[in-house]
Amino acid sequence: MENPYLPYPVRIDEITTETEDKNLKTFKLVFINPEDEEKFSYIPGQFAELSVAGKGEVPIGIASSPTEKGYLKFTINRVGLVTKHLHNMKEGDVMGIRGPLGNSYPWDEMEGKNVVIIGGGFAFTTLRSSIVYMIQPENRKKFKDISVVYGARTPGLLLYRYELDQWEQRDDIKMHITVDGTDDPDWKYNVGFVPTVTEQKITSAENAIALVCGPPIMIKFTQPVLEKLGFPSERIILSLEMRMKCGIGICGRCNIGDQYVCKDGPVFSLAQLKELPNEY
Amino acid sequence: MVTKIFTKEEWVRALKGAKDDYRIYLPVKHKDFHAFELLSDETAPDFEFQNTRLSPKSLIFPQSERMFEYSLDEKDGEAHIVKETPKDFYPQAVVGIRPCDAHALQLVNVNFDNPQYKDPWWVKRLESTILVGLGCNEPCSTCFCTSVGGGPFSERGLDVILHDLEDVFLVKPITQKGETFINKLGQGRMADDTLSDKAEAKARSSLEKVTSSIPTGKLRDKVVTELFEAPFWEEVAFACINCGTCTYLCPTCWCFDIQDEVLGKEGDRIRNWDSCMSPLFTLEGSGHNPRSEKCQRVRQRFMHKLKYYVDKYEDGVQCSGCGRCVRYCPVNIDIRHVAKLMNDFAQ
């Protein structure tokens, strides 16, 4: 019997500091046993439990794309016991990973549609995974227009700056990068909150599906913008967070009504959430 | 399958004779409560009880259980690699479990053994366990098993059932596993019709002694969001002191926490029973807590048992009617009352 609580051993291959406040680091992890990589077959929107012996586990969205072979990437905010410890680990250290866990973005439903990606702050990780996945040549033709609104408080708090600049150069994806404010005279992108920029840049909901991931305040103000544009709640897709332990719908803490965010989620449509108790 | 008769002395002697083949757990009287204990030569089991204070759930799902272990010693070639803690799943028999508590294990089983994931420790331990029930001649005034799909002599989830006929036990195997166990004991005599009829009559009369009930018939049809916003939750939760006694005693509560514990350079990953009554249960790293208020936590407990479970599994409520939470709640919050509020709720 497979033990779903047992992490695969991995080695930290590379650590990148993402933001100017140094609170976010991206960890590139490599499986110690190559056969485990095959077992860890994931799709964008899923997450994993990262395991640090002696400290515990923490559920983190997978930031790499399944089209990137040989490693996994996780961008981790320094918050609690496990993530503080992770931020002090170094390349070469051994840790564990359990997953992939949860559902994913609705890839079948997204095929043939315009995809609008709206992200804020450090909640851009599984959206990064999705973008990398969609712009891969074999996958790109499955989707119509891809638009991305991504904002952070300042330029220095944007994740994956090197890739954002690359994506800006491409003509098969429309990028709308924004910051709440900046005194950088060389800043060449937008200034304004994510909901405002969404309102300005996204012009149609026709045949479109929106993936929204960000802080609660951003979601709160983006939702009416999307509804005004004509997005039905079935086509507004959100990824939720909740305190988790087991990650497989057994330990009982991450429920919203009869749904477990870890197993039935973390991705829900707004239509699904409207039918569940407002407790998340 | 063959039903047998044992005198009470023979029964205990036979169990003691089988204790090398099985770990046998039996109810033992303490000052004012009964608890399951491992049978040894010295054990004096006592079958004169209404129910044990705690259900024997912990024999399948221990209150604290080592999952994994690891070394943090850098000299160790496998440092930081998490490995399964070796466990034995020696055959065990729980003798004297009440039918409600066996029913409860069935209700919990759907959580630990589901089509997508199997909790290996729960599954293996339940497989290696024989449940020998003791039917209830004298149900408690707080028992309401008959309204939640059970009964004082319900065989649901049991391998064997005992009928206490004063000086003898009528021992009736229900499953193959149960019959094998009884045959291993090797004693007793065949039950004759007179005793079988007597057992049946007694079981029938005890059914009438369960006078308490909860209404559940309309729960499935309620709109979950409306029930969630119902006005009575504040009142239900008002007296609650969040002590967690209800979740600790409940034979159908399954929530657990996972923690790492380190001593020197050796560490263990352990799971412990947890409780939705604690604000820490859902406190997130950011400080956000979806159930920071007492009322939200009390609502979660009842909604889980009487609505979410009902909707999810379509097999009744997550309650076997043992009545422990009713008896032991220090502020008299009564699930029978809450079930009525929920079942009768109309917006």
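B:His163 stands opposite B:Leu170, which belongs to strand 9 of chain B.

## Basis of the description

This is a predicted model, in which local features need pLDDT of at least 70 and side-chain atom pairs count only at pLDDT 80 or more, whereas totals for chains, interfaces and linings use all residues. Residues are numbered from 1 along each chain as its sequence is written, chains are lettered from A and ligands numbered from 1 in the order in which they are written, and side-chain values use heavy atoms, with hydrogens and water left out.

## Two cis peptide bonds in chain A

The peptide bond that joins A:Gly99 and A:Pro100 is cis, with omega about -5°, and A:Pro100 is part of strand 6 (residues 94-101) of chain A.

Another cis peptide bond leads from A:Gly265 to A:Pro266, with omega near 5°. A:Pro266 is placed in the loop between strand 14 (259-260) and strand 15 (267-269) of chain A.

## Positive phi values in chain B

B:Glu314, a residue other than glycine, has a positive phi near 50°, and its place is in the loop between helix 9 (294-313) and helix 10 (324-328) of chain B, helices being DSSP runs of H or I with at least four residues. With a relative accessibility of 58%, B:Glu314 counts as exposed (buried means under 20% relative accessible area, exposed over 50%, and partly exposed in between, with a 1.4 Å probe and protein chains only).

B:Asn332 is likewise not a glycine, yet has a positive phi of about 60°. This residue, B:Asn332, is found in the loop between helix 10 and helix 11 (335-344) of chain B, and B:Asn332 is exposed, with a relative accessible area of 63%.

## A residue of helix 3 in chain A

A:Glu109 lies in helix 3 (residues 107-110) of chain A. The relative accessible area of A:Glu109 is 36%, so this residue is partly exposed.

Definitions and conventions: Helices (H or I, at least four residues) and strands (E, at least two) are DSSP runs, numbered from the N terminus. Two strands pair if DSSP finds at least two bridges between them.
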